[in-house]
Amino acid sequence: MGRRGAGSDGAGDAGDASPLFGFVQFEFPWRLGPADGRYVLRGHAGVPAHVLVLATLGTAERRLLGRARRPRRAEPEPPPEPVPTSRATLIGAEPFATQAEADAWRSGLEPEVEVARAIVTLNAVLHAQRAAAADPWLREVARDQALVVRIGLGAGDDVAHGRWRSAVTVPAPPGAGTRRSSLRSQERLAALLGGRDAALACEELALRARADLDAGRLREAALQLRVALEAALAELIPWAERAGLAARLEELRSERGPVGAAANRAVQGGLDAETAADVERVLGRLEAALRVRTVTALDALP
């Protein structure tokens, strides 16, 4: 096919019969963790589902940074250090049978649905890398952390090298209630840093459960939720009589059975659809109770 530069959104050579693959591409302003290269991601029964191509852009090789070097004087007002950019390209393992099929896929795209699926797949790779490297600090990614998101079509080898037949840049979706949420978050942060509020253990545990659930790690989510629920039932007692939280706590206590059953299933193996729905439902109720507690605490501040 007629190759175009990585910035091109135009069509390639119409006479080129190279098979086309769909792809989603992200760029993040840090190293993701796995080494640069191509990774075949296999699904059910070992059938290839995607090819992930990782590349680090924008900075010189720094593997030896910090080795055999002594501290040196830092000059005042230094310029910012350049940061690496990681490009992650997720390519469908199977090509489209015809140009018409590829065009139909492109015209019927729901960009944010496709991007959300790609984020889940990429995070599964990062989760595997964290386990493989035994590195608790290796983080997963969120859609709004990407510098740029692209969706398009191209020949497999071309896409792996940053070229494509056609692509679009997908703008970040506008957030609902972003300004108010941001203001409240800043207000909470000031209260936490100023010692006028305290972060609860159940808040962190609930966040971990949410991250696992959204990533499709149902067993981990069920296990996290069990501990998060017990911590919340203890930590929220002082707030029981405020803003209707007593009723919410009673409701959460009644969920101990389903949550315990889900955690037991998680220890033994996978969760069925009904148990997974219990985990999602109870986690949502716990998160709602925590939001009530946070708003009540902020409103009570002088």
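Two strands count as paired if DSSP finds at least two bridges between them. The legends below use this term for a predicted model.

**Figure 1. Overview of the predicted protein.** Nine helices and six strands make up the secondary structure. The protein has 302 residues, and 38% of them count as buried. Its accessible surface is about 17,500 Å². Carbon and sulfur atoms hold 55% of that area. Take the contacts with a separation of 6 or more: 73% of them link residues 24 or more positions apart.

**Figure 2. The hairpin of β2 and β3.** Five residues lie between the two strands of this hairpin. Ala 45 takes a positive phi there, near 60°. Strands β2 and β3 run antiparallel and are joined by six bridges.

Figure 3. In what order do the six strands lie? The order is β2-β3-β4-β1-β5-β6, with antiparallel pairing. Strand β2 (37-42) forms one edge and strand β6 (166-169) the other. Each of these edge strands pairs on one side only. Direction ignored, neighbouring strands are turned by 20° against each other on average.

**Figure 4. Strand β4 between β3 and β1.** The sheet order places β4 between these two strands. Is β4 mostly covered or mostly open? Strand β4 is mostly covered, with seven of its eight residues buried. Strand β3 (residues 48-57) joins β4 (residues 85-92) through eight bridges, and the two run antiparallel. Within this pair, Val 53 stands opposite Thr 89. Val 51 stands opposite Ile 91. Strand β1 also runs antiparallel to β4, with six bridges between them. Here Phe 23 stands opposite Ile 91. Ile 91 of β4 therefore has Val 51 opposite it and also Phe 23, while a pair of strands needs at least two bridges. Side chains of a regular strand alternate between the two faces of the sheet.

**Figure 5. Helices α1 and α2 on the sheet.** Helix α1 (residues 99-107) packs on the sheet and touches β1 (21-28), β5 (148-154) and β6. The direction of α1 makes about 160° with that of β5. Which strands does helix α2 lie across? Helix α2 (residues 111-133) lies across β1, β2, β3, β4 and β5. Its direction runs at about 70° to β1.

**Figure 6. The crossing of helices α6 and α7.** Helix α6 covers residues 218-235, and helix α7 covers residues 245-253. Their axes come within 10 Å and cross at roughly 145°. The crossing is left-handed. From α6, the contact takes in Leu 229, Ala 232 and Leu 233. From α7 come Leu 249, Leu 252 and Arg 253. By class, five of the contact residues are nonpolar, none is polar and one is charged.

**Figure 7. Leu 283 in helix α9.** Helix α9 spans residues 273-299 and includes Leu 283. Why does Leu 283 count as buried? Its relative accessibility is 0%, and buried means under 20%. Residues up to four places away in sequence aside, Leu 283 touches Ala 206, Ala 209, Arg 210, Leu 213 and Leu 225. Leu 213 lies 70 residues from Leu 283 along the chain. The C-alpha atoms of these two leucines are separated by 9.3 Å.

**Figure 8. Arg 293, also in helix α9.** Is Arg 293 buried or exposed? This arginine counts as buried because its relative accessibility is 3%, and the cut-off is 20%. Which residues does Arg 293 contact, leaving aside neighbours within four places in sequence? Its contacts include the charged residues Arg 188, Asp 197 and Glu 203. The list also holds Ala 198, Leu 200, Leu 236, Trp 239 and Leu 245.

Notes:
Residues are numbered from 1 along each chain as its sequence is written. This is a predicted model: local features need pLDDT of at least 70, side-chain atom pairs count only at pLDDT 80 or more; totals for chains, interfaces and linings use all residues. Side-chain values use heavy atoms; hydrogens and water are left out. Helices (H or I, at least four residues) and strands (E, at least two) are DSSP runs, numbered from the N terminus. Buried means under 20% relative accessible area, exposed over 50%, partly exposed in between (1.4 Å probe, protein chains only). Contact means heavy atoms within 4.5 Å. Accessible areas come from the Shrake-Rupley method with a 1.4 Å probe; for residues, only the protein chains shown count as cover. Axes are lines fitted to C-alpha atoms, for helices over the stretch in contact, and angles run from 0 to 180 degrees between N-to-C directions. A crossing is left-handed if the near helix is turned anticlockwise from the far one by less than a right angle, and right-handed if clockwise.
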